Amino acid sequence: MTALDAETPIVLAPRRRRRRGRRPIWQSILRHAALLALCVIMLYPLIWLVVSSLKPNADIFRDLSIFPSHLTLENYMKGWTAQEFPFGQFLLNSAVVAVGAIIGNLVSCSLAAYAFARLRFRGRSLFFAIMLGTIMLPFQVVLVPQFVIFKDLGWLNTFLPLIVPKFLATDAFFVFLMVQFIRALPDEIFEAARIDGAGHLRIYAGITLPLMTPALATTAIFTFIWTWADFFGPLIYLRSPNEFTASIALKGFVDAQSSSDYGSMFAMSVVSLVPLFIAFLIGQRYLVRGIATTGIK
Amino acid sequence: MSSLGELRSLTVSRRRSGARSPKPRARDNITGYLFLAPWLIGLVVFTIGPMVASLVLSFTHYDLLTPPRWAGFGNIVRMAQDERLWHSFGITVLYVVVSVPLQLILALALALVLDRGMRGLSFYRSVFYLPSLMGGSVAIAILWRQVFGKDGLVNGFLAVFGIDGPGWISHPDFALWTLVLLHVWTFGSPMVIFLAGLRQIPEMYHEAAAVDGAGKVRRFFSITFPLLTPIIFFNLVLQMIFAFQSFTQAYIVSGGTGGPSDSTLFYTLYLYQNAFTAPIDMGYASTMAWFLLLVIAGFTGINFWLSRYWVFYDD
């Protein structure tokens with residue numbers, strides 16, 4: 001488990017137990033009560049969303065409580081087919097984009113990270129500084145020309161503008177995450193491989209990648225969450241309804257709100273949040289570790 | 001180390017170690033560039049190229065259908081006189097300078113409370129972190145619209161106390177503040193970063209100070225806070241950069257208009273309207289984008305300048 005440990009000091013250092021046991025019991029009860037109250041406030045809107053999606057449409061704003069008198073799945077059935085295509089199509093589109101982006105990020109970012117962390121070449125520190133700089137670059141500055149490029153390539157109304165850049169390591173944040181991880185791996189592993197005559201390609205594919213699975217998992221989960229929730233990219237590149245991602249399809253409910261079918265809108269909002277929630281449950285420790293090591297959300 | 005810290009240490013070590021390491025051999029160079037090739041291509045095709053192109057486009061009128069027409073400083077003059085632009089710039093700055101510090105203060109406060117090795121830490125951490133994962137999604141923006149609507153959850157709560165709340169989302173004086181609240185709601189991710197930072201502070205500092213008779217408050221201001229300032233600073237800089245680019249929430253909450261009365265017309269939303277809704281002027285949008293870059297650079301610069309007075313580096 002050396003690979004895991006390499007990154008752990010930051011997060012899993014032994015928990016401090018200062019003045020253990022000396023704090024009066026009422027004080028810690030008070031503290032927990034306050035924290036739990038905050039938890040309720042934080043989660044209340046989400047709970048309300050889920051409960052409302054299960055209420056009959058007419059009741060949603062008439063009875064705001066989260067203990068409804070009767071529950072129904074009607075909103076889900078209506079919402080699923082409320083638009084030109086069934087909502088499953090939009091979920092599938094989101095999934096296709098997300099998987100493409102994940103593969104792209106894993107391949108391209110790990111290659112670049114290996115170069116930055118393990119190879120010596122002219123201009124490395126300059127490129128590294130540029131790479132860090134691009135994390136902070138507002139994307140609006142490249143927005144218009146990128147759009148024109150994709151338009152000229154005939155890629156509008158396809159998923160390509162949302163996926164192809166990921167294969168060119170444009171998400172510098174993940175390059176940085178992986179560089180941090182590779183740097184923390186013990187040098188001896190790499191030296192031993194060199195002495196055995198392994199080339200860099202073999203060290204990258206055969207040794208580094210397997211050792212950095214935690215960093216790869218972090219990258220995959222973050223990419224999934226960001227791509228799934230992404231709105232701007234799909235908004236400008238996807239115009240025909242059969243290609244809409246779930247985010248754009250949800251926008252359709254807002255646009256058509258004159259119909260005031262809040263139930264369907266809530267139900268499909270819940271549906272689109274479920275994958276995020278699952279990713280959160282599965283990947284929690286990677287997420288926490290990822291933001292702790294890089295310091296970026 | 002954070003990416004900002006990394007940037008800083010790059011410049012510091014460059015300055016300190018005058019001696020250069022021996023030159024890499026040609027073969028090493030080739031291997032290096034081969035591994036770096038995807039990133040390098042991406043850098044040129046999707047970052048540097050487009051940056052230059054948008055700088056050039058910012059001096060043109062461009063409607064996508066006909067070739068760009070040279071505008072000289074026309075777009076800059078137009079910007080200077082564009083009242084909607086300055087309005088949207090104003091509310092964006094207001095949003096950034098209010099919501100980012102509020103979010104960070106809450107994140108820091110909770111990290112400090114949770115860092116006492118208390119029972120249930122991971123439970124609380126998960127609950128507080130969840131909103132920041134979902135906060136950027138359309139679904140949450142839709143939820144916000146209803147929570148702060150006239151018949152929404154907030155007014156339902158206020159009604160218990162006999163208060164008849166306004167439609168927060170549809171009221172020009174309040175709409176922006178619902179977005180600020182949404183940002184504060186996502187304090188979980190900086191909180192996790194602060195928690196990690198607190199773990200880095202050697203316990204012996206606290207012990208030594210306690211032996212010398214320093215109380216809780218004193219230890220916070222003399223040990224915890226100074227040692228945490230680089231992380232706070234780093235978060236402040238990055239969160240500000242990201243907050244300037246907020247888009248989705250304002251778009252959904254206002255139905256894409258930036259309303260009511262332009263009160264949620266974030267700069268990026270106005271930029272989007274210029275670039276992608278009729279009448280399309282990608283040239284003007286590029287001018288706006290470059291101005292945004294300069295503003296963000298300016299704010300980051302101010303942050304760095306101010307950091308000399310409050311950020312403590314332990315090196």
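## A covered helix in chain B

In this predicted model, helix α6 of chain B, which spans residues 138-147, is mostly covered, with 10 of its 10 residues buried. The buried residues of α6(B) begin with Val138(B), Ala139(B), Ile140(B), Ala141(B) and Ile142(B), and they continue with Leu143(B), Trp144(B), Arg145(B), Gln146(B) and Val147(B).

## Annotated spans of chain B

An unreviewed UniProt entry lists residues 33-59, 89-114, 126-144, 174-198, 219-244 and 284-306 of chain B under "transmembrane region". Two of these spans can be described from the model. Residues 126-144 of chain B are 84% helix and 0% strand, and the C-alpha atoms at the ends of this span are 21 Å apart. For residues 219-244 of chain B, the span is 100% helix and 0% strand, with its end C-alpha atoms lying 35 Å apart.

## The interface between the chains

Contacts between the two chains involve 79 residues of chain B and 75 residues of chain A. On the side of chain B that touches chain A, helix α2 of chain B (residues 26-57) supplies the largest share, namely 20 residues. Sorted by class, this side of chain B consists of 50 nonpolar, 23 polar and 6 charged residues.

## The largest nonpolar core

The largest nonpolar core has 163 residues, and the members that touch the most others are Ala112(A), Ala113(A), Val175(A) and Met178(A), together with Phe194(B). Helix α5 of chain A (residues 87-118) contributes 15 residues, the largest share of this core. At least three residues of the core come from each of domain 1 (21-72) and domain 2 (76-294) of chain A.

Which residues are in contact with Ala112(A), once its neighbours within four places in sequence are left aside? Within chain A, the contacts of Ala112(A) are Ala169(A) and Val175(A), while from chain B they are Phe35(B), Leu36(B), Pro38(B) and Trp39(B).

## The two domains of chain A

The domain assignment of chain A gives domain 1, covering residues 21-72, and domain 2, covering residues 76-294. The centres of domain 1 and domain 2 of chain A, taken over C-alpha atoms, are separated by 32 Å. Where these domains meet, 6 residues of domain 1 of chain A are in contact with 7 residues of domain 2 of chain A. The side of domain 1 of chain A that touches domain 2 of chain A comprises 3 nonpolar and 3 polar residues, with no charged residues.

Technical notes
Residues are numbered from 1 along each chain as its sequence is written. Chains are lettered from A and ligands numbered from 1 in the order in which they are written. This is a predicted model: local features need pLDDT of at least 70, side-chain atom pairs count only at pLDDT 80 or more; totals for chains, interfaces and linings use all residues. A nonpolar core is a set of buried Ala, Val, Leu, Ile, Met, Phe, Trp, Tyr and Cys residues joined through C-beta atoms within 7 Å. A residue is buried if 20 or more other C-beta atoms lie within 10 Å of its own, exposed if 12 or fewer, and partly exposed in between; C-beta atoms are placed from the backbone. Helices (H or I, at least four residues) and strands (E, at least two) are DSSP runs, numbered from the N terminus. Domain bounds come from an automatic or database domain assignment. UniProt positions are given in the numbering used here, feature names are shortened, and annotations may be inferred rather than shown by experiment. Ala, Val, Leu, Ile, Met, Phe, Trp, Tyr, Cys and Pro count as nonpolar, Asp, Glu, Lys and Arg as charged, and the others, Gly among them, as polar.
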